Amino acid sequence: MHPNLRTVATPVLPPLIRFGGLSTRNFATSSSFTRPLLPRPQQTPRTRYLSISTPLLPRQNISRLSNANNVLINSSLQHRGIATTSMAPGAMFSHPPPEPGADFNVVMIGAGNIMFGSDEGPWNHSFRFEHKLGPRLKVTALIDPSTARADKVLDGKRQSFVNSAYKDTKVFKTIEDYHADLKKSKIADPHAIVVGCPPAYRGGTTKGTDLEINLLKLFPKTAYFIEKPVGTGTVEAAKEVTQRLIDNGNIVSVGYMLRYLRCVQKMKQIIHENSLTVMATNARYSCAYEAIAKPAWWNKAIDMGPVIEQGTHFCDLSRYFGGDVDINSVVARSVEWYEEPGRLSKIPIDENKIDEELRIPRLTSAVWKYDNGAVGSFQHAVALQGTAYACELEVWADGYHMRLVDPYQNPTLYVRRPGDDHEERHSFTDDDPFFSEVSHFIDCIEDGPNPHILSSFEDATKTYELTWAIRLAAEASKIPQIKN
């Protein structure tokens with residue numbers, strides 16, 4: 001062990017039950033449903049703590065949360081970066097098994113990887129809803145323009161132990177088709193709608209991009225869980241959608257799941273307990289580009305570039321600790337594809353098929369000021385090969401340096417405190433922030449034990465605004481291509 005590193009940990013908990021211990025009977029009829037876990041590489045000792053958070057809550061949720069778990073909302077403390085809300089997120093195993101009860105009806109929009117999982121990553125919203133709700137879950141509709149794709153994923157679900165959640169699911173091409181069928185059948189509106197379609201179809205005000213506006217018209221009282229980023233259109237359009245959601249009073253959660261990491265909440269706890277004011281944040285996101293074989297990702301006209309589509313998670317975490325950003329202060333520089341340092345050797349797609357003006361930068365580096373005077377910085381690199389990403393977030397305050405490492409695979413927090421030059425090391429095994437965000441969303445709908453939404457649509461739009469500011473600042477400052 002490094003001489004300046006000490007580990008803070010408690011004994012490892014007993015082994016956990018995996019998928020092998022589940023059966024169709026358990027899911028369909030038993031109240032002792034046991035949640036399976038995603039495998040976690042590099043298991044590490046567990047550190048226990050009382051987590052503290054500073055959720056940036058939708059205005060409509062503040063009053064309802066103020067009576068739950070002694071929630072305190074104090075704008076002056078939040079402005080200083082001090083956490084004021086108590087919350088204890090955790091992995092699936094730490095939650096009690098779902099209790100029997102009335103059906104919880106869910107509509108899923110999008111039959112792709114975000115909703116149903118893939119080998120590319122841990123995202124899989126259906127998995128988390130299944131293990132939060134157990135036999136109560138009823139997916140009443142799956143909406144996707146590709147009905148063949150929807151039918152395929154449903155066939156897989158119906159052949160598994162979660163059959164009871166999907167055996168009556170209907171497939172529709174559009175939300176309008178589903179609404180018409182619902183009214184014809186005189187069935188009640190769903191409890192929640194999960195939006196996992198590509199961002200090009202949402203977050204806007206024009207036809208084809210206005211999914212949230214249509215949802216408000218058709219299902220004005222339903223809760224919405226929406227993936228990030230909030231869209232691909234203008235920031236102004238996203239702000240208009242935000243205001244409509246606020247005015248209507250819906251429960252809305254946006255999928256910035258890293259806020260729910262227990263390492264992140266430990267950082268919030270340290271800030272709260274020591275009455276700290278954040279001085280600076282520094283986020284670094286290095287992707288393994290060799291494994292990104294999706295042509296749209298390499299085209300700024302489709303996925304909007306890596307900062308908006310991918311780096312958004314770390315821009316959001318930066319804001320989670322630093323607060324609101326002075327957008328006019330954002331400056332950025334980039335390494336472009338035509339510059340010598342930007343020539344990559346293992347691009348998995350044919351980039352010649354993409355217009356030169358639409359090819360993504362290889363590296364983007366940005367600096368800004370937060371409204372409270374702190375400084376934020378962010379760097380996104382399209383540089384690594386293989387499959388493993390390298391991601392870190394650093395937060396500084398008087399006497400403190402906190403460093404979050406590898407949040408996607410093996411989240412680890414290093415902390416240096418006043419009076420000790422050694423770093424503490426905090427690790428949490430089997431932490432699943434994807435489950436935590438879904439669990440809290442459902443608890444907010446049902447007045448459950450943890451009704452805390454950490455990322456509202458309003459707050460997610462501020463992150464969207466920051467990522468666009470970084471992209472535009474980098475494009476404005478780039479050195480023009482010199483053609484022979």
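Here are legends for a handful of close-up views of this predicted model.

The model is predicted, and residues are counted from 1 along each chain as its sequence is written. Local features are listed only where pLDDT is at least 70 and side-chain atom pairs only at pLDDT 80 or more, while totals for chains, interfaces and linings use all residues, and side-chain values rest on heavy atoms, with hydrogens and water left out.

**View 1. Strand β13 pairs with β10 and with β12.** Helices (H or I, at least four residues) and strands (E, at least two) are DSSP runs, numbered from the N terminus. Two strands count as paired if DSSP finds at least two bridges between them. Strand β10 (residues 280-288) runs parallel to β13 (residues 375-384), with nine bridges joining them. To get your bearings, find Ser-286, which stands opposite Ala-381 in β13.

**View 2. Glu-240 and Arg-244 meet in a salt bridge.** Side chains of opposite charge can pair when their charged atoms come close. A salt bridge here is a side-chain nitrogen of Lys or Arg within 4 Å of a carboxyl oxygen of Asp or Glu, and a search of the whole structure turns up 30 of them. For Glu-240 and Arg-244, the N to O distance is 3.0 Å. Both belong to helix α10 (residues 235-248), and because they are four residues apart, about one helical turn separates them. How much of each is exposed? Buried means under 20% relative accessible area, exposed means over 50%, and partly exposed is in between (1.4 Å probe, protein chains only). Glu-240 is partly exposed at 37%, and Arg-244 is partly exposed at 36%.

**View 3. Asp-316 forms a salt bridge with Arg-259.** The closest N and O atoms of this pair are 2.7 Å apart. Asp-316 lies in helix α13 (residues 312-322) and Arg-259 in the loop between β9 (252-254) and α11 (262-273), so the bridge ties together parts that are 57 residues apart in sequence. Are these two residues buried or exposed? Asp-316 is buried, at 1% relative accessibility, and Arg-259 is buried too, at 0%.

**View 4. Glu-351 forms a salt bridge with Arg-362.** This time the closest N and O atoms are 2.8 Å apart. Both residues are in the loop between β11 (331-335) and β12, so the pair ties together parts that are eleven residues apart in sequence. Glu-351 is buried at 9% relative accessibility, and Arg-362 is buried at 4%. Elsewhere, salt bridges that share partners join Arg-259, Asp-316, Arg-319, Asp-324, Asp-459 and Lys-462 into one network.

**View 5. Ring pairs link Tyr-285, Phe-314, Tyr-389 and Tyr-408 into a cluster.** Rings of Phe, Tyr and Trp (its six-membered ring) pair if their centres lie within 6.5 Å; planes under 30 degrees apart are stacked, over 60 edge-to-face, and the rest tilted. The structure holds twelve such aromatic pairs. Tyr-285 and Phe-314 have ring centres 5.6 Å apart and planes at 90°, so they are edge-to-face. With Tyr-285 in strand β10 and Phe-314 in helix α13, the pair ties together parts that are 29 residues apart in sequence. Tyr-285 is buried at 5% relative accessibility, and Phe-314 is buried at 0%. Tyr-285 also pairs edge-to-face with Tyr-408, at 6.0 Å centre to centre and 80° between the planes. Tyr-408 sits in the loop between β15 (400-405) and β16 (412-416), 123 residues from Tyr-285. Tyr-408 is partly exposed, at 23% relative accessible area.
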